[in-house]
Each structure stands twice: as structure tokens, then as C-alpha cells.
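Me: I'm new to this one and would like a close look at a single part of it. Could you walk me through that part and then show me how the rest fits around it?

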Amino acid sequence: MLVTYIEAIRQAMDEELARDRNVLLMGEDVGVLGGAFKASTGLQEKHGADRVVDMPISESLIVGAGVGLAVQGMRPILEMQFIDFISCGFDQIVNTAATLRYRHGGQTACPIVVRGPSGGGVHGGLYHSQNPEAWFCHVPGLKVVAPATAYDAKGLLKSAIRDDDPVIYFEHKFLYRRIKEEIPAEEYLVPIGKAALRKEGRDLTVLTYGAPVHAVMKAARDMAAEVDIEVIDLRTLLPIDWATVKGSVRKTGKVLIVHEARLTGGIGGEVAARIAQDCFEELDGPVMRLAARDVHTPFAPAMEDYVLPNQEKITEAIRKLAAY
Amino acid sequence: MTEQKDRELYRWLRLIREFEDRTSALDKQGKLMGGVYSGKGQEAVTVGFCHDLRWDDWIFPLHRDLGAFLVKGADPKRLMAQIFGKRDGFAKGKDSYLHGGDLSNGIFGSTSCLGATLPVAAGMAYKFKIRKEDRVAVAFFGEGASSRGDVHEAMNFAGVHKLPVIFVCENNFYAYSTPNELQFGVDNVADRAAGYGFKGEVVSGNDLHAVMKTAGKAIDRARTGDGPTLVECKTYRYHGHSEHDRADYRSEEEVITWESRDPIALWEIYLEKRKYDIAAIRKETAEEVTRIVEEAVAFAEASPSPAGPEAMDDLYAMPIDTEAR
């Protein structure tokens with residue numbers, strides 16, 4: 001069936017709510033309104049107000065209450081209306097949820113999913129454009145995923161809901177209604193911890209995730225005559241699929257990492273360091289990164305475009321790397 | 001109350017006091033690493049709220065509520081091993097003191113961000129409510145934590161859904177060194193309950209009768225669907241915030257005033273007025289609690305210290321390949 005990225009998210013939640021009575025969806029305006037972006041349209045009507053819960057504006061409570069439910073064997077999906085507000089629930093994620101199993105010596109699981117719209121390119125300004133995934137990749141005990149396709153959005157969310165560890169699920173709002181894809185009508189899962197090879201190539205590897213996957217794929221197609229690009233969509237950011245990453249780098253000898261999150265302290269830094277250390281002998285050029293400039297994501301279109309990676313910057317970076 | 005229950009309550013008060021005193025002594029002897037947060041002086045609060053709970057109810061103790069662990073059913077031996085940071089502790093050495101709860105007995109371990117357990121308790125109570133389970137959650141917090149947003153968020157949500165949760169504020173007048181008058185502008189933390197649409201009560205936290213009466217009503221309200229209660233227990237910690245804190249910010253007179261309202265001494269006066277054989281009760285109880293704590297310390301000392309690589313256990317349901325090096 002042909003679905004948008006956001007419809008894939010809605011379907012994943014709908015199917016899991018129907019499959020397992022321990023699954024709940026909690027968040028601001030997720031019930032009657034069906035979510036600020038309509039990711040949960042019809043779910044409260046279908047599954048009941050007890051299980052699709054309109055919460056007060058209290059991100060810390062939403063995550064903390066999710067932990068309390070999880071200790072009782074429930075599997076709450078906790079929506080941040082914008083992922084920018086996840087910082088209001090930061091303590092509960094980092095100190096309560098991520099440590100829960102560890103500080104209880106393995107006595108309990110913590111099957112929560114914290115999900116919400118991240119990313120820029122929609123003129124959302126400072127508080128509706130953020131990509132804070134790197135903060136969470138620094139926290140042991142969490143898993144972090146960021147799907148780029150409708151297929152993965154559905155399959156990864158279903159896997160996240162069934163996972164016994166806390167999963168932070170970054171959906172990209174730029175993709176919500178801009179991409180439409182055929183996905184299977186029958187049930188499927190996408191495993192957490194596995195990258196996707198989006199395009200095979202011999203000359204260089206581009207590692208990316210989220211919305212930039214589509215710009216990188218376009219560049220790979222447009223530049224096919226001059227350079228044969230391998231594109232890997234990381235999909236899971238914690239734990240990273242190092243086997244796939246290193247296998248590709250060892251094959252091509254050149255790597256560019258592209259992410260929409262800021263450069264400094266971004267995931268690209270960790271990926272680059274691992275590659276530099278473990279694939280040094282095979283490298284045939286510098287490990288390069290393209291990321292947002294180290295500034296907040298500004299509102300005015302020209303400024304936003306200046307700050308975020310775009311088609312032109314990706315093409316330029318690929319050309320520069322290919323020249324080595 | 002029956003003589004049997006009166007004596008049982010006394011036994012709990014004394015066991016907690018013995019456990020607290022021994023923990024402080026072990027700390028002085030250099031046998032414990034990490035912070036020790038004595039709840040000495042506050043025993044009536046935890047006994048009063050935990051004694052009549054059922055095994056499948058849940059408690060969310062704060063950092064100085066080892067008494068709540070004991071009364072709710074934690075094995076004293078494992079609790080002492082937890083305090084020692086040994087493998088037989090609830091956290092298997094991954095953290096000490098009360099950060100590792102005993103989930104098999106409905107005891108949730110707190111983090112150091114005090115008040116952060118209240119949203120968790122509210123979430124759990126929400127599950128009890130939607131599944132129509134006859135269970136309650138009791139969340140303890142200090143008056144210092146009452147300033148935190150988490151406390152407000154949890155109480156607000158509990159009020160919206162009339163959740164079976166009891167919020168117990170242990171107001172011991174100091175958050176580390178910060179006195180009540182620099183912590184909040186209201187007379188009582190419990191006054192805030194009105195803002196959440198449920199009942200708030202202030203009780204003398206050193207008077208076990210008063211605590212039990214108020215706790216009983218609050219637990220009944222929660223069980224019968226009448227929603228949450230905020231109970232503020234005015235009490236006092238004899239020691240500093242932790243054992244290294246000399247608590248010079250308090251006057252000697254103030255400390256002595258509170259010591260003269262000691263919850264255990266008050267209970268002994270009651271037992272005496274009931275004309276029980278107080279001398280015999282004292283002696284028997286002392287022997288029993290000393291033995292229990294001795295055994296707990298021996299167990300904890302004998303428990304193995306976890307080996308370095310055990311640090312990587314219990315992080316995820318299934319180990320993930322982190323290529324840790």
C-alpha cells in the first residue's frame with residue numbers, strides 16, 4: 001500500500017495498540033485532536049481514552065509516568081509534541097529510565113518509546129527544528145533510532161515498542177508528508193541496530209540518516225557519471241551497526257558523514273573517530289563530515305538554508321572527497 | 001490497637017533505629033564508601049505509612065528512607081549488602097544506598113534527583129486505575145524536593161485522574177542546609193494540595209498514632225477511588241544531610257527540642273501507659289533487632305564485591321555490541 005511517512009507511524013502505533021493491550025500512547029493532544037501533526041488520528045476513538053491519553057503539558061511527567069507503567073509491564077509510547085521539548089523530560093530519560101535496569105541489578109525492563117518530530121527545513125525556527133539525537137547517544141541504557149523512509153518508520157517503531165529497553169525514536173517532520181512509498185500490507189519489523197545499504201557503489205561511502213538520506217540519494221543519482229557512491233542509512237544511532245559501516249569504508253576507502261544535527265558533538269564525530277582508528281590502513285582520503293553549522297536553526301529561509309546541509313553542499317562535499 | 005500490633009510497631013521503630021545507628025557507625029569506621037543519609041528521628045513516618053500496606057502495593061522511598069525498605073518487606077541482609085555496594089545488594093554493586101530498589105517487594109529505587117520518583121509513582125498509579133487493580137502507590141519526598149517541577153507535574157496529573165497515590169512529604173525543616181523559609185512561601189507544603197484538587201493534611205511525623213491514622217485514611221481514599229492525598233509529616237533528622245555534614249546551620253537548642261519529641265520515646269510512653277511490661281518489651285526487642293542487624297552486617301561483609309567486568313551487565317535486556325574497549 002502507498003503511505004506517507006507519518007501514516008506509517010500512525011499504522012505502527014495502531015497495529016501495536018491492537019496487538020498488545022499493554023501498549024499505550026501518552027502525550028499532549030494525542031487523543032481527541034489526534035496529535036499536533038495527526039500522527040495518532042483515530043487512535044483514541046479506536047483504542048479508548050485510557051490507552052490513548054491526553055496528557056498535561058508536562059514532559060517530565062510523561063516520561064516518568066511511562067517508567068512507572070513500564071515497571072508494571074506496560075509498553076507506553078510517549079510522544080513529545082515537538083522533539084525540541086524532550087529537554088523538559090531529559091532528567092527522566094537520562095537519570096530515571098536509562099539507569100532503571102542497571103541500578104536495580106537487572107530486576108526490571110524499561111520498555112518505553114519516546115518519540116516525536118525532529119528536524120528542520122520547515123522554517124520552524126529555534127524550537128521546532130532541533131535534532132538533539134547526539135545527546136541521547138551519549139547515554140548508556142538507551143537505544144536511539146532515526147528512520148528516513150516510511151518502510152523504516154513503521155518497522156522501526158514496531159520494533160521499538162516491542163523492545164525491552166528505552167528507545168528514543170526521532171521522526172523527521174520534513175518527511176511526514178513529503179515522501180510516499182509502497183510498503184507491505186502484511187506485518188513486518190525493521191530490526192534495531194542494523195544499517196541499510198541504500199545504494200551500492202565503489203568510489204566512496206556516504207554515511208547518513210534521517211532527512212538527508214534523500215538528498216544524498218539524489219546526489220548519488222545525479223553524480224553517477226562522475227562518481228560511484230555507496231549510500232548507507234544508519235537508521236539506528238545507538239547502537240551503530242559498525243560492521244556495515246566499516247565494511248563499506250574498507251571497500252571504498254573514502255567516507256563522508258552527513259547529518260542535519262550540528263557538527264560539534266554530533267554523531268559524525270564518533271563515527272569518524274572509529275573509522276580513523278579501525279580503518280586507517282584502508283583509508284584513501286580524510287574522513288569528512290557535513291553537518292549543520294554550529295548555531296541554532298534560524299527561522300528566516302535564507303539563514304536556515306545557510307545553516308543546514310542541502311543538496312548543493314552535499315554535492316560539493318562529495319566532489320571534494322572524490323578528488324582525493 | 002491490639003497489644004500484638006502495638007509491640008510489632010515498636011519492633012519496627014527499633015529495628016530501623018538500630019539499622020540507622022549501625023550504618024552510621026560503619027560509616028565512621030570507614031567500612032562504607034559513598035554517602036550515608038541517616039533517617040534517624042524520622043522512623044515514625046515510614047513505619048506509619050508502610051506498615052498497613054499490602055505486599056502488592058508500591059512505595060517510592062526517598063534517600064533516607066531505609067526504614068521504608070524494611071517495613072515493606074526488604075530482606076535486611078540484602079539491604080545491608082546494598083549499602084555496602086556488594087553483589088548481593090539490589091543493584092549488585094552498581095550503585096549504593098537506596099538507589100537500588102527491591103522491586104520484588106514493590107520498592108522503587110530513587111535517583112539523586114529528588115522528587116523524580118513522583119511522576120513514576122503517578123504513572124504506576126495510573127496503571128492500577130485503568131486496570132482496576134486494588135493497589136496503591138505511596139511516594140515519599142522531602143520538603144526540599146517540593147520545589148521541583150516534577151513534584152508539581154505528578155500531583156497535577158494525579159489530581160486530574162484521581163489516581164490511587166499518596167504523596168508523603170517528610171518535612172524535616174532542612175534541605176541539606178536550606179530552611180523552610182528559604183524553600184517555600186506557604187506555611188505548609190500540604191496547603192498546595194488545594195491547587196491540585198485533592199486533600200492535604202499536616203501531621204506530626206514523630207507521633208506514630210497520628211501518622212497511622214492519617215495514613216490509614218489516605219490509603220482508604222486511594223483504594224476506594226477517592227483519589228490522591230498529600231500528607232505533610234513534620235519531623236526532624238537528627239544527623240546532617242549526610243554523615244559528613246555536621247549540620248552547624250541548626251542550633252543545639254533546636255536539636256534538643258526535637259530529640260525530646262523522639263518518636264520511639266513517645267511510643268514507649270504509650271506502651272507504658274497501656275500497662276504493658278515495658279522493661280521486658282524493651283529487652284526482648286533490643287535483643288531481636290541487634291541480632292537481625294548483626295546478621296545483616298555479617299552477610300554484607302561476607303558478600304562478594306563485584307568484579308570489574310560486571311560493570312557491563314544489566315545495561316540492556318540483551319547485550320548490545322558496543323565494541324567497548
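**A lysine in a loop, and its surroundings**

Reply: Let's start with B:Lys132, which counts as exposed because it has 7 C-beta neighbours inside 10 Å; the cut-off for that label is 12 or fewer. Keep in mind that this is a predicted model. Where does B:Lys132 sit? Look in the loop of chain B between helix H5 (117-130) and strand S2 (137-142). The backbone is worth a glance too: the phi of B:Lys132 is near 50°, a positive value, and the residue isn't a glycine. For background, most residues other than glycine have a negative phi.

B:Lys275 isn't a glycine either, and its phi is positive, at about 65°. You'll find B:Lys275 in the loop between helix H10 (263-273) and helix H11 (278-302) of chain B. B:Lys275 has 8 C-beta neighbours inside 10 Å, so it counts as exposed.

Chain B has 11 helices and 7 strands. Its C-alpha trace spans about 60 × 50 × 40 Å along the principal axes. The radius of gyration of chain B is 20 Å, which agrees with the value near 20 Å that a compact globule of 325 residues would have. Of those 325 residues, 50% are buried. If you take the contacts in chain B with a separation of 6 or more, 75% of them are between residues 24 or more positions apart.

Chain B also touches chain A. On the A side 35 residues take part, and they are in contact with 38 residues of chain B. Helix H3 (59-71) and helix H4 (90-103) of chain A each supply at least two residues of the A side, and H3(A) gives the most, with 9 residues. Sorted by class, the side of chain A that touches chain B has 12 nonpolar, 17 polar and 6 charged residues.

Over in chain A, have a look at a pair of helices. Helix H1 (residues 5-19) and helix H6 (residues 150-162) of chain A pack with their axes 8 Å apart, at an angle of about 30°. That makes H1(A) roughly parallel to H6(A), as angles under 35 degrees count that way. The crossing of H1(A) and H6(A) is right-handed. Among the residues of H1(A) that meet H6(A) are A:Tyr5, A:Ala8 and A:Ile9, and the H6(A) residues they face include A:Ala150, A:Leu157 and A:Ile161. By class, this contact has 9 nonpolar, 1 polar and 4 charged residues.

Another helix of chain A to find is H7 (residues 212-222), where A:Pro212, A:Val213, A:His214, A:Ala215, A:Val216, A:Ala219 and A:Ala220 are buried. What covers the buried residues of H7(A)? The cover includes strands S9 (196-199), S10 (204-208), S11 (229-233) and S13 (255-262), along with helix H11 (311-322) of chain A.

A:Pro239 sits in the loop between strand S12 (236-238) and helix H8 (242-252) of chain A. In general, most peptide bonds are trans.

Methods:
Residues numbered from 1 in each chain as written. Chains lettered and ligands numbered in written order. Predicted model: local features only at pLDDT ≥ 70, side-chain atom pairs only at ≥ 80, totals over all residues. Contact = placed C-beta atoms within 7 Å. Helix = DSSP H or I, 4+ residues; strand = E, 2+ residues; numbered from the N terminus. Nonpolar A, V, L, I, M, F, W, Y, C, P; charged D, E, K, R; others polar. Buried ≥ 20, exposed ≤ 12 C-beta atoms within 10 Å, placed from the backbone. Rg over C-alpha atoms; globule rule 2.2 N^0.38 Å. Axes fitted to C-alpha atoms, helices over the stretch in contact; angles between N-to-C directions. Parallel < 35°, antiparallel > 145°, perpendicular 65-115°, else oblique. Left-handed = near helix turned anticlockwise from the far one by under 90°.
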